[in-house]
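Please open the model in a viewer and keep the selection tool at hand. The tour below moves from one selection to the next and says what is found at each stop.

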Amino acid sequence: MNRENTGHGTGYLTLESGEVFTGTLYGALISGFGEVVFHTGMTGYQEVMSDPSFAGQIVTFTYPLIGNYGINDQDFEAAKPALTGMIISELCNEPSHYQSRKTLAEIADQYGFPILAGIDTRTITKRVRQNGPVFGVISDRILSAEEVVSLRSKHAKKSLVADVSTQQILRYTGNGEHVVLVDLGMKTSILHALLKMECKVTVVPFDTPISQIKELQPDGLLFSNGPGDPEHLLAYCSEWRKLVEQIPTLGICLGHQVLALMFGGKTEKLAYGHRGGNHPVKELMTGKVYMTSQNHGYVVKEESLDKRQLTVSYRNVNDGSVEGLCHQSMPVFSVQFHPEAHPGPSDTSHIFHQFLQSMRVVGANRYA
């Protein structure tokens with residue numbers, strides 16, 4: 001048998017509690033450490049693997065068989081993965097799909113992260129649900145509690161956004177409205193959704209000065225998804241607000257959270273986050289319930305909102321948390337879920353059309 005079928009030998013997941021899980025190591029022979037989270041989707045492991053929002057995290061897949069349709073050339077959400085490891089019950093190393101180009105183990109080796117397979121993922125998921133945020137380390141040896149604490153201290157950096165945001169301005173042609181996309185850790189699917197509507201798109205680094213963004217003369221502004229604690233971006237919020245007050249704006253996921261921060265709101269960490277493709281949210285204006293794709297560990301604190309400015313537009317059916325915001329007087333709104341999905345249902349793709357319409361209304365009034 002070849003190497004990717006047999007793995008690298010025995011590996012271990014050591015949790016900060018001291019609990020140890022034993023499995024088989026695949027992918028890169030390096031230690032992976034970070035917050036242990038779980039994803040409930042039955043498919044979409046390639047998109048999850050390459051989603052920048054998972055930066056600094058070890059992702060546990062609750063679905064037992066992962067890798068069965070391989071890795072293709074189309075479904076990457078970023079140029080390279082930002083997660084620090086995967087935990088899987090059963091890893092398929094003989095995928096069957098006509099688009100498959102590599103196995104998951106091969107791509108993990110290529111991009112430099114470890115996979116620990118043969119693990120009781122149900123137990124790990126229960127630990128995270130019961131105990132809240134859990135830190136862990138994937139390695140070829142069992143670590144001591146002191147080593148895990150040391151790695152956790154190293155992991156506690158101010159912001160992960162700088163690691164995943166574009167380093168240069170990227171321009172995409174289109175015949176429609178011009179959108180400046182502030183890259184906080186953007187999924188490629190968001191860009192594709194805008195281009196599909198024939199928008200002209202300029203992707204800018206998260207720390208681009210607002211004077212430079214104004215010079216681009218955008219019709220609309222979009223703050224993308226991304227990793228980490230939104231309050232690590234507070235230093236940028238007052239400047240961003242100056243832009244938002246002048247330009248139709250949409251925020252998605254982390255972009256939704258920083259939009260709340262711009263207008264004086266606060267955020268908090270969930271006990272175990274929302275990560276999967278089957279999260280129901282209710283649109284408060286219509287009463288409609290949509291199934292959504294989600295990936296976040298923080299939420300907007302509803303009691304912190306100034307309701308004279310921002311009102312809640314969507315609410316999570318399961319736990320009642322804030323899933324969307326709408327400004328009372330400006331063409332500014334946001335959603336916690338992912339309207340571009342990938343992976344997940346496309347029930348809320350109309351969000352992009354609402355954004356497009358808001359740009360057109362403002363543009364029509366501007367030149368009336």
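Select Gly 297 to begin. In this predicted model, Gly 297 counts as buried because its relative accessibility is 11%, and the cut-off for buried is under 20%. The residue belongs to strand 16, which covers residues 289-300. Display its surroundings next: beyond the residues up to four places away in sequence, Gly 297 touches Glu 268, Lys 269, Leu 270, Gly 273 and Arg 275.

Now extend the selection to Ser 53, Gly 226, Gly 228, Leu 254, Gln 257, Asn 295, Gly 297 and Tyr 298, which an unreviewed UniProt entry marks with the feature "binding site". These positions are spread over 246 residues of sequence, yet they cluster in space, with a largest C-alpha distance of 13.3 Å. Among them, Asn 295 is included in the lining of the largest cavity.

Keep Gly 228 from this group. Where does Gly 228 lie? Its place is in the loop between strand 13 and helix 9. With a relative accessible area of 31%, Gly 228 is partly exposed. Once neighbours within four places in sequence are set aside, the contacts of Gly 228 are Leu 160, Leu 254 and Tyr 298.

The next stop concerns aromatic rings, of which the structure holds 8 pairs. Select Phe 206 and Tyr 236. Their ring centres are 5.3 Å apart and their planes stand at 70 degrees, so this pair is edge-to-face. Phe 206 sits in the loop between strand 12 and helix 8 (210-215), whereas Tyr 236 sits in helix 9 (residues 234-244); the pair therefore ties together parts that are 30 residues apart in sequence. Phe 206 is buried at a relative accessible area of 9%, while Tyr 236, at 30%, counts as partly exposed.

The rings of Tyr 236 and Trp 240 have centres 5.5 Å apart and planes at 20 degrees, so they form a stacked pair. Both residues lie in helix 9, separated by 4 residues, or about one turn of the helix. Residues three or four places apart on an α-helix point the same way, because such a helix has 3.6 residues a turn. Trp 240 is buried, with a relative accessible area of 2%. Finally, show Phe 223 as well: Phe 206, Phe 223, Tyr 236 and Trp 240 form one aromatic cluster.

Move on to helix 7, residues 188-196. Which residues of helix 7 are buried? They are Thr 188, Ser 189, Ile 190, Leu 191, Ala 193 and Leu 194. The buried residues of this helix pack against several elements, including strand 11 (178-183), strand 12 (200-205) and helix 11 (350-366). Just after helix 7, look at Glu 198, which takes a positive phi of about 70 degrees.

The last stop is a closed barrel of 7 strands, running in the order 1-2-8-6-4-3-9 with mixed pairing. From one strand to the next, the twist averages 35 degrees. Select strand 6 (residues 85-87) and strand 8 (residues 114-117), which run parallel and are joined by 2 bridges. Here Ile 87 stands opposite Leu 116 of strand 8. Helix 3 (residues 104-111) packs on the sheet and touches strand 2 (20-27), strand 6 and strand 8, its direction making about 85 degrees with that of strand 2. Helix 5 (residues 145-155) also packs on the sheet, touching strand 1 (10-15), strand 3 (32-39) and strand 9 (134-139).

How values were computed:
Residues are numbered from 1 along each chain as its sequence is written. This is a predicted model: local features need pLDDT of at least 70, side-chain atom pairs count only at pLDDT 80 or more; totals for chains, interfaces and linings use all residues. Side-chain values use heavy atoms; hydrogens and water are left out. Two strands pair if DSSP finds at least two bridges between them. Axes are lines fitted to C-alpha atoms, for helices over the stretch in contact, and angles run from 0 to 180 degrees between N-to-C directions. Contact means heavy atoms within 4.5 Å. Buried means under 20% relative accessible area, exposed over 50%, partly exposed in between (1.4 Å probe, protein chains only). Rings of Phe, Tyr and Trp (its six-membered ring) pair if their centres lie within 6.5 Å; planes under 30 degrees apart count as stacked, over 60 as edge-to-face and the rest as tilted. UniProt positions are given in the numbering used here, feature names are shortened, and annotations may be inferred rather than shown by experiment. On a 1 Å grid over the protein atoms alone, a cavity is a set of points where a 1.4 Å probe fits but cannot get out, and a pocket is an open set with protein on both sides within 12 Å along at least five of seven lines; lining residues have an atom within 4 Å of a point.
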